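Subject: Structure for you to look at

Hi,

Here is the structure I promised to pass on. Please open it and keep it beside this email while you read.

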Amino acid sequence: MGDKERIVRSNAAKALGTLGDKRAIPFLLEALLDETDSVKEAVAEVLGILGDKNAVIPLINTLKATHNKQVKIKTIKALGELKAEKAIHEIIRYLNDKDKDIKEIATEALGKVGDVQAIPFMIEALFDEVDSIREIAAQVLGTLKDKRAVIYLIKALQDSSWIVRQNAAVSLGIIGSKQATDPLIKLVLNDDNWSVRWKACQALGMLKDKKAQTPLIKALDDKDWHVRKSAAEALGELGDKDTVKPLINKLEDKERFVREAARKALVKIGNPSLTDLILALEHDNKYVRKEAALALGELKDKIAISALLKKLNDKYWSVRKAASDALINIGEPSILPLITIIESIN
Amino acid sequence: MLQNNWTPESLEVIALALGKLKDKRALSPLITLLKH
């Protein structure tokens with residue numbers, strides 16, 4: 001690391017980061033005092049990657065001393081990666097920096113530190129004039145999981161940026177306050193952006209509020225498949241038997257991921273799905289028959305065996321294979337009926 | 001010709017299932033299928 005050429009020293013630091021050997025840390029801390037900013041920048045980044053808390057104080061000192069934007073960015077980022085609680089006050093100073101990039105990285109870093117002291121600052125950042133800051137704050141407030149943020153995140157569901165609305169929806173789901181159900185339902189039904197409707201469905205699945213059931217059933221017919229898929233998943237989380245029929249209908253969806261999500265939801269609902277799934281084995285659509293067979297296999301109820309045996313004779317291989325897999329999943333009770341079929345052909 | 005409408009395509013997945021279920025009672029029936 002004594003090489004006079006700054007590029008050599010920077011690259012050596014980066015290489016030490018790739019090696020990931022903590023024996024390099026004392027040498028890297030020494031190099032953090034390098035006279036060249038590009039070397040400090042590289043070393044700060046590597047110290048964040050190596051994850052040794054001994055680097056916290058030297059990084060704070062570097063941050064205090066530097067005037068270079070890139071060194072500040074890499075140092076703040078490293079302090080975030082190290083979850084450096086000692087650095088909170090130093091990071092907070094940069095939340096209102098006039099440079100947008102530094103503000104962004106400080107907001108992200110504060111979220112990564114994950115300390116509750118960050119909450120008031122994140123709430124303030126949620127209403128910043130810069131879109132990217134609001135977007136980060138909306139996400140970070142979810143990771144901090146503090147109910148104080150709920151009313152502000154609900155307000156952020158009306159933000160002009162779709163990323164803020166989307167991140168706020170997810171955060172409300174993570175925090176888990178049912179106070180958010182109605183505003184999230186509005187988003188599912190009315191937001192113009194599919195990604196927002198998608199994440200709002202996911203959030204409603206996390207909240208498990210029965211009030212969301214009817215809107216989620218409506219979302220099963222959304223024009224975007226991500227929304228239909230997450231609506232099915234959310235209904236699986238709610239687990240109500242009244243959603244069996246709408247979910248069975250989704251086994252026919254033109255998009256494979258939606259069909260699979262509907263099947264998994266029916267499996268989560270469990271026994272109340274059995275009768276409709278057995279009936280679905282006779283559906284005209286091969287995808288419905290296939291997904292119904294797979295679901296019955298996952299439910300492992302021997303009541304489905306005779307209906308599944310018939311599907312071993314389906315004209316489509318995918319249905320026959322799904323029925324066979326289902327019988328394998330059901331296990332021991334399937335053996336004799338299968339043997340009986342072979343005996344019947346002789 | 002197979003009886004009871006069981007096609008070779010059906011027996012293919014039945015053999016697969018019996019193989020995966022790993023039960024000794026399936027030995028003789030599987031040998032029967034082997035001779036088909």
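Start with helix H13 of chain A. At 1.5 Å a residue, its 14 residues should span 20 Å. The end C-alpha atoms of H13(A) are 20 Å apart, which agrees. Bear in mind that this is a predicted model.

Is H13(A) enclosed or open? Of its 14 residues, 11 are buried, so H13(A) is largely enclosed by the rest of the structure. Among the buried ones are A:Trp198, A:Cys201, A:Leu204 and A:Leu207.

Now step off the end of the helix. Just after H13(A), A:Lys208 takes a positive phi of about 50 degrees. A:Lys208 does this although it is not a glycine. Where does A:Lys208 sit? Its place is the loop between helix H13 (194-207) and helix H14 (213-219) of chain A. A:Lys208 has 15 C-beta neighbours inside 10 Å, so it counts as partly exposed. Buried would take 20 or more, and exposed 12 or fewer.

A:Lys145 is worth a look next. Its phi is near 50 degrees, again a positive value in a residue other than glycine. A:Lys145 lies in the loop between helix H9 (131-144) and helix H10 (150-156) of chain A. It has 13 other C-beta atoms within 10 Å, so A:Lys145 is partly exposed.

On to helix H21 of chain A, residues 317-330. H21(A) has 14 residues and reaches 20 Å from its first C-alpha to its last. That is close to the 20 Å expected at 1.5 Å a residue. How many residues of H21(A) are buried? The count is 10 of the 14, so H21(A) is largely enclosed by the rest of the structure. They include A:Val319, A:Ala322, A:Leu327 and A:Ile330, and also A:Arg320, A:Lys321 and A:Asp325. What covers them? The cover includes helix H19 (286-299), helix H20 (305-311) and helix H22 (335-344) of chain A, together with H1 of chain B. Just after H21(A) comes A:Gly331, with a positive phi of about 85 degrees.

The contact between the chains takes 21 residues from chain B and 18 residues from chain A. On the chain B side, helix H1 (8-21) and helix H2 (27-34) each supply at least two residues. H1(B) gives the largest share of that side, nine residues. The chain B side divides into 11 nonpolar, six polar and four charged residues.

Helix H1 (residues 6-19) and H3(A) pack at an angle of about 5 degrees, with their axes 9 Å apart. That angle makes H1(A) roughly parallel to H3(A). From H1(A), the contact uses residues including A:Ser10, A:Ala13 and A:Lys14. From H3(A), it uses residues including A:Ala42, A:Val43 and A:Val46. The residues of this contact divide into eight nonpolar, three polar and four charged.

A:Ala42 is in helix H3 (residues 37-50) of chain A. Why is A:Ala42 called buried? It has 28 other C-beta atoms within 10 Å, and the cut-off for buried is 20 or more. Leaving aside neighbours within four places in sequence, A:Ala42 is in contact with A:Ser10, A:Ala13 and A:Lys14. A:Ala31 is 11 residues from A:Ala42 along the chain, and their C-alpha atoms are separated by 9.7 Å.

The other one is A:Val43. Not counting residues up to four places away in sequence, A:Val43 touches A:Ala13, A:Leu28, A:Ala31 and A:Leu32. The largest nonpolar core has 113 residues. A:Val43, A:Met122, A:Leu184, A:Cys201, A:Leu204 and A:Ala293 touch the most other members of that core. In soluble globular proteins, nonpolar side chains tend to be buried together.

Best wishes

Methods:
Residues are numbered from 1 along each chain as its sequence is written. Chains are lettered from A and ligands numbered from 1 in the order in which they are written. This is a predicted model: local features need pLDDT of at least 70, side-chain atom pairs count only at pLDDT 80 or more; totals for chains, interfaces and linings use all residues. Helices (H or I, at least four residues) and strands (E, at least two) are DSSP runs, numbered from the N terminus. Two residues are in contact if their C-beta atoms, placed from the backbone, lie within 7 Å. A nonpolar core is a set of buried Ala, Val, Leu, Ile, Met, Phe, Trp, Tyr and Cys residues joined through C-beta atoms within 7 Å. Ala, Val, Leu, Ile, Met, Phe, Trp, Tyr, Cys and Pro count as nonpolar, Asp, Glu, Lys and Arg as charged, and the others, Gly among them, as polar. The expected span of a helix is 1.5 Å times one less than its number of residues. Axes are lines fitted to C-alpha atoms, for helices over the stretch in contact, and angles run from 0 to 180 degrees between N-to-C directions. Angles under 35 degrees count as roughly parallel, over 145 as roughly antiparallel, 65 to 115 as roughly perpendicular and the rest as oblique.
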